[in-house]
Amino acid sequence: MNKAIFLDRDGTLNPDPGYISDPKDYELFEGVTEALLKLQNAGFLLILITNQSGISRGLFSEEQLEAVHDKMKKLLKKGGVTLDAIYYCPHHPEHPYKGVAECNCRKPKPGLILQAIKDFDVDIKNSFMIGDRVSDIKIGIASNVSPVCIAKSSFDGYENVPTFPNLLEAAEWILTQ
Ligand SMILES: [Mg+2]
Ligand SMILES: [Zn+2]
């Protein structure tokens, strides 16, 4: 079995101006490649779990999302980091996409992580979900992986979730577990 770090994208790996549609607008936070390299070197799979309702809202296409992800992969690769997989939800309840409105893959629903657990034979006991929103905490709990939060302070009702100001500090904490 494999241990994994499930990663939110916007607000966790990169600044989140909302609905990034152009690779030019995609930049990583400082320290992100360093953090991911430490986790990768410790034997964790790195799996992106991201809601991208900009697709169902008609703000960008799946091809444009792929171009943004190519930029992200290029930036990560400069730091020696390779993501093992990217799972995204294109849906939104108010914007049916390819006939689907209510899906099972939009965070906080656990669909994306459950699929990844199956695809990569993930050992949930030794795996973590890192994100910057309550929906990221909820998907971690719903899929039985430990949630870790990137935020200035913990969210109401989730004070027990380990919370760090940036990904590097979160990664360093995970490596002590
Ligand atoms: Mg986020
Ligand atoms: Zn979905």
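Of the 177 residues in the protein chain, 38% count as buried, a residue being buried if 20 or more other C-beta atoms, placed from the backbone, lie within 10 Å of its own. The model is a predicted one, so local features need pLDDT of at least 70 and side-chain atom pairs count only at pLDDT 80 or more, while totals for chains, interfaces and linings use all residues. Residues are numbered from 1 along each chain as its sequence is written, and chains are lettered from A and ligands numbered from 1 in the order in which they are written.

Turning to overall dimensions, a compact globule of 177 residues would have a radius of gyration near 16 Å, and the 15 Å of the protein chain agrees with this; the radius is taken over C-alpha atoms, and the globule rule is 2.2 Å times the number of residues to the power 0.38. The C-alpha trace spans about 45 × 35 × 35 Å along its principal axes.

The protein chain has five helices and six strands, which follow one another from the N terminus as β-α-β-α-β-α-β-α-β-β-α. Helices (H or I, at least four residues) and strands (E, at least two) are DSSP runs, numbered from the N terminus. Strands S2 (residues 45-51) and S3 (residues 85-89) pair in the parallel sense over five bridges, where pairing requires that DSSP finds at least two bridges between two strands. Within this pair, Thr50 stands opposite Tyr88. Together with helix H2 (residues 62-78), S2 and S3 make a right-handed β-α-β unit: with the strands pointing away from the viewer, the path from the first strand over the helix to the second runs clockwise.

Strands S4 (residues 128-131) and S5 (residues 146-150) run parallel, joined by four bridges. Cys149 of S5 is the bridge partner of Gly131 and also stands opposite Thr163 in S6. Four of the five residues of S5 are buried.

Where do the buried residues of H4 lie around the helix? Asp136, Ile137, Ile139 and Gly140 are buried in H4. Seen down the helix axis, these residues fall within an arc of 165 degrees, so they line one face of H4; the arc is that of the directions from the axis to the C-beta atoms. They pack against helix H3 (111-120), S4 and S5. Just after H4, Asn144 takes a positive phi of about 65 degrees.

How values were computed
Buried ≥ 20, exposed ≤ 12 C-beta atoms within 10 Å, placed from the backbone. Contact = placed C-beta atoms within 7 Å.
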